[in-house]
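Please read this briefing alongside the sequence and the coordinates. It is arranged by topic.

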There are 2 protein chains.
Amino acid sequence: MRIAVVGTGLIGSSLGLAWRAAGHTVSGCDNDARALEAALARGAFDRAVTLNEARGADALVLAVPLDVTCALLAQLRDDGQSNPAVMLDVASLQEPVLQAAAGLPGFVATHPMAGREGNGAAAADAAIFRDQSWIYEPGDGAAQATVLGLIAQTGAVPIPLPAALHDRAVALTSHVPQLLAIALAHCVRRHADEEGVRSVVGPGLAGALRLARARWTMWGPLIAAERARDAELLEELAAELGALANLLRQGELASARAAFEDAAPAVADIFRYAKGNQGGQDSR
Amino acid sequence: MRIAVVGTGLIGSSLGLAWRAAGHTVSGCDNDARALEAALARGAFDRAVTLNEARGADALVLAVPLDVTCALLAQLRDDGQSNPAVMLDVASLQEPVLQAAAGLPGFVATHPMAGREGNGAAAADAAIFRDQSWIYEPGDGAAQATVLGLIAQTGAVPIPLPAALHDRAVALTSHVPQLLAIALAHCVRRHADEEGVRSVVGPGLAGALRLARARWTMWGPLIAAERARDAELLEELAAELGALANLLRQGELASARAAFEDAAPAVADIFRYAKGNQGGQDSR
């Protein structure tokens with residue numbers, strides 16, 4: 001199949017690698033000439049194409065931030081030119097995407113639960129999709145079967161989930177950890193010049209701050225779209241932290257111990273159905 | 001050198017591997033027969049010894065939880081039997097350890113900033129110390145030079161830091177991320193049965209929850225000892241989250257963007273002097 005991917009960042013380039021490995025011809029399209037060049041150098045794509053050329057492929061994949069995804073979908077629907085029979089996006093929210101794509105035949109909204117350290121094609125890796133959930137908006141269009149096949153070829157597990165449920169759930173599982181890392185970064189930064197702090201940064205802190213280097217370009221539109229739910233969950237977590245702080249202040253160590261010991265089974269439970277994501281633990 | 005390690009968990013066994021690789025003869029001691037057996041099976045030690053036999057080594061290393069470390073130090077000092085010329089601990093707080101060891105010649109309080117996923121000897125890895133900070137209480141004892149040599153042989157970077165500064169700093173860099181993962185686990189668990197949540201758990205959440213499987217056996221005494229400072233910092237982080245929530249609620253996205261974009265340089269700054277811990281980022 002001839003697949004065109006618009007957006008040659010980490011996800012777009014990782015998809016290029018995965019689908020090329022599966023035998024497809026994959027072209028890459030990007031406004032950012034340097035990003036495109038890096039993706040070609042990484043071997044993520046067979047060749048570079050313009051958006052118009054991309055629209056001549058068998059399948060068109062939008063791997064760009066949410067706001068760009070929505071703008072492109074409106075363009076594809078409204079500019080009167082012809083489009084591939086199969087189109088999908090990989091943005092991390094589905095309601096805004098479905099709204100922007102309303103009336104565009106052949107489009108399936110999807111979201112691979114995949115990522116890794118690093119940005120751009122340099123960090124691309126075909127393996128990031130393996131055994132991960134790849135959510136799609138269930139529908140009955142003929143394009144859906146093709147999309148499910150493409151998902152399966154990356155090693156991901158396609159999971160149907162209606163947009164409203166998806167978007168509410170990712171606020172919890174994706175936006176909250178992201179915003180938490182940002183808040184922690186500021187909290188640690190505020191104390192970073194105190195003597196000794198920089199000497200005692202270890203792998204635990206590094207892991208907790210891993211997400212704090214993510215890009216606003218990608219995250220801004222997502223957070224803007226879900227800001228009410230995100231705020232609600234952050235407040236809930238703030239209350240949880242306050243309660244834990246209070247246990248410590250009061251010396252209620254039996255309760256602190258219970259909170260601690262209940263966490264491991266909670267994590268195991270949360271990841272019960274996830275194949276690739278068993279959260280490990282760290283001894284310090 | 002003949003080294004004896006008391007405690008054959010993740011850190012003790014990783015030390016056994018590292019020092020055996022450096023040419024030392026390393027024996028392991030553990031009350032838990034299964035843990036000891038696993039460590040020998042892992043190749044972490046040349047042989048198993050009793051505590052009394054361990055005290056006949058050239059260097060004695062305590063790699064047990066803080067409360068056990070303190071109890072052992074009091075025993076070593078007070079029971080009238082002879083001890084090695086060089087002793088060190090690897091517990092994560094230094095003031096309680098120094099207090100327990102007061103008057104015990106040859107003892108150096110230390111803390112390697114090392115860890116990894118998993119528990120016990122099965123997860124042991126000689127490489128976890130490489131390029132990490134290894135804090136020690138500066139002193140002028142003859143034992144210190146030997147301890148610095150042993151630290152260097154693991155690939156870690158010895159860093160002198162007085163106990164009070166160390167303990168205050170690790171509350172921030174180690175206890176806070178740990179307690180945060182516990183709080184997040186409970187927050188996510190509370191929503192885990194909502195439709196779709198388990199389908200959208202990805203690598204970002206898994207990373208944020210990685211520490212939540214740590215053991216109270218190790219953490220309880222640390223948190224108990226630093227509970228006032230831990231509580232203070234958790235409240236500070238709760239306030240940070242509340243402020244971020246408020247920005248989102250008010251739609252102050254320019255400020256949210258600034259918080260986001262300031263985080264990456266803050267993380268880079270925090271890890272400026274750390275060799276092995278550059279916090280990466282994840283695109284989703």
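The structure is a predicted model. Within chain B, eight strands form an open sheet, and B:Ala91, in a loop of that chain, is buried.

**Extent and composition of the interface**

- On the side of chain B, 114 residues are in contact with chain A, and 113 residues of chain A take part in these contacts.

**Polar and charged pairs across the interface**

- The rule for salt bridges finds 11 of them between chain B and chain A.
- One salt bridge joins A:Glu236 to B:Arg190, with 2.5 Å between the closest N and O atoms.

- At least two residues each of the side of chain B that touches chain A come from helix H1 (10-21), strand E6 (107-112), strand E7 (133-136), helix H7 (163-191), helix H8 (203-208), helix H9 (216-225), helix H10 (227-249) and helix H11 (253-270) of chain B.
- H7(B) gives the most to this side, with 23 residues.
- Sorted by class, the side of chain B that touches chain A comprises 63 nonpolar, 25 polar and 26 charged residues.

**The sheet of chain B**

- The eight strands of the open sheet in chain B follow the order E3-E2-E1-E4-E5-E6-E7-E8, and their pairing is mixed.
- Strand E3 (47-48) and strand E8 (157-160) of chain B are the edge strands, each pairing on one side only.
- Strand E1 (residues 2-6) and strand E2 (residues 25-29) of chain B run parallel and are joined by five bridges.
- B:Val5 has B:Gly28, in E2(B), as its bridge partner.

- The loop between strand E5 (86-89) and helix H5 (95-101) of chain B holds B:Ala91.
- B:Ala91 counts as buried because its relative accessible area is 4%, where the cut-off is under 20%.
- Leaving aside residues up to four places away in sequence, B:Ala91 touches B:Val64, B:Leu66, B:Thr69, B:Val97, B:Thr110 and B:His111.
- B:Ala91 and B:Pro65 are 26 residues apart in sequence, while their C-alpha atoms are 6.3 Å apart in space.

Note on methods. Residues are numbered from 1 along each chain as its sequence is written. Chains are lettered from A and ligands numbered from 1 in the order in which they are written. This is a predicted model: local features need pLDDT of at least 70, side-chain atom pairs count only at pLDDT 80 or more; totals for chains, interfaces and linings use all residues. Side-chain values use heavy atoms; hydrogens and water are left out. Contact means heavy atoms within 4.5 Å. A salt bridge is a side-chain nitrogen of Lys or Arg within 4 Å of a carboxyl oxygen of Asp or Glu. Helices (H or I, at least four residues) and strands (E, at least two) are DSSP runs, numbered from the N terminus. Ala, Val, Leu, Ile, Met, Phe, Trp, Tyr, Cys and Pro count as nonpolar, Asp, Glu, Lys and Arg as charged, and the others, Gly among them, as polar. Two strands pair if DSSP finds at least two bridges between them. Buried means under 20% relative accessible area, exposed over 50%, partly exposed in between (1.4 Å probe, protein chains only).
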